[in-house]
Amino acid sequence: VNRRGEEMASGFGVKGGVGRCYPFWLDLQECARTADDPKECRFQREDYIECLHRKKEVARINAIVAEMEKQQKNAELQAKGGAPA
């Protein structure tokens, strides 16, 4: 394994199939191999990092849940005759 991250684990997932992020890793690796400037691979890198950590996905889910809770609270207030928040 190289410190620069040029190699990755086998690509097999926990249950034996292809790991969920391995295709993103292959895209990033191919881009890095063919690009003249590492900045050209920023989208592939972003996709790979998102697959690993899922920060954008979690933030979106949290925003959806918060909006659903807000709408439910407003509906309950309106049912009781109060003004929505």
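Helices (H or I, at least four residues) and strands (E, at least two) are DSSP runs, numbered from the N terminus. The model is predicted: local features need pLDDT of at least 70, side-chain atom pairs count only at pLDDT 80 or more, and totals for chains, interfaces and linings use all residues. Residues are numbered from 1 along each chain as its sequence is written, and side-chain values use heavy atoms, with hydrogens and water left out.

**View 1. The protein chain has 3 helices and 0 strands.** Along the sequence, the pattern of the protein chain reads α-α-α. The protein chain has 85 residues, and 13% of them count as buried (under 20% relative accessible area; exposed is over 50%, partly exposed in between; 1.4 Å probe, protein chains only). Take the contacts in the protein chain with a separation of 6 or more: residues 24 or more positions apart account for 20% of them (contact means heavy atoms within 4.5 Å).

**View 2. Helix 1 and helix 2 cross at roughly 155 degrees.** Their axes come within 9 Å (lines fitted to C-alpha atoms, for helices over the stretch in contact; angles run from 0 to 180 degrees between N-to-C directions). That makes helix 1 roughly antiparallel to helix 2 (over 145 degrees; under 35 is roughly parallel, 65 to 115 roughly perpendicular, the rest oblique). The crossing of helix 1 and helix 2 is left-handed (the near helix is turned anticlockwise from the far one by less than a right angle; clockwise is right-handed). On the helix 1 side, the contact holds Phe24, Trp25, Asp27, Leu28 and Cys31. Helix 2 meets them with Gln44, Arg45, Asp47, Tyr48 and Cys51. By class, this contact of helix 1 with helix 2 has 6 nonpolar, 1 polar and 3 charged residues (nonpolar: Ala, Val, Leu, Ile, Met, Phe, Trp, Tyr, Cys and Pro; charged: Asp, Glu, Lys and Arg; polar: the others, Gly among them).

**View 3. A search of the whole structure finds 1 aromatic pair.** The ring centres of Trp25 and Tyr48 lie 5.3 Å apart, and their planes stand at 50 degrees, so the pair is tilted (rings of Phe, Tyr and Trp, its six-membered ring, pair with centres within 6.5 Å; planes under 30 degrees apart are stacked, over 60 edge-to-face, the rest tilted). The pair links distant parts of the chain, 23 residues apart. Trp25 sits in helix 1 (residues 22-34), and Tyr48 in helix 2 (residues 42-53). Trp25 is buried, at 10% relative accessibility. Tyr48 is buried too, at 11%.

**View 4. Helix 2 and helix 3 cross at roughly 60 degrees.** Here the axes come within 6 Å. That makes helix 2 oblique to helix 3. Glu46, Glu50 and His53 of helix 2 make the contact with Lys55, Lys56 and Glu57 of helix 3. By class, the contact of helix 2 with helix 3 has no nonpolar, 1 polar and 5 charged residues.

**View 5. Arg54 has a positive phi of about 55 degrees.** Arg54 is not a glycine. Most residues other than glycine have a negative phi. Arg54 lies in the loop between helix 2 and helix 3 (55-79). At 35% relative accessibility, Arg54 counts as partly exposed.

**View 6. Gly17 lies in the segment before helix 1.** Which residues does Gly17 touch, not counting residues up to four places away in sequence? They are Gly11 and Phe12. Gly17 itself is partly exposed, with a relative accessible area of 37%.
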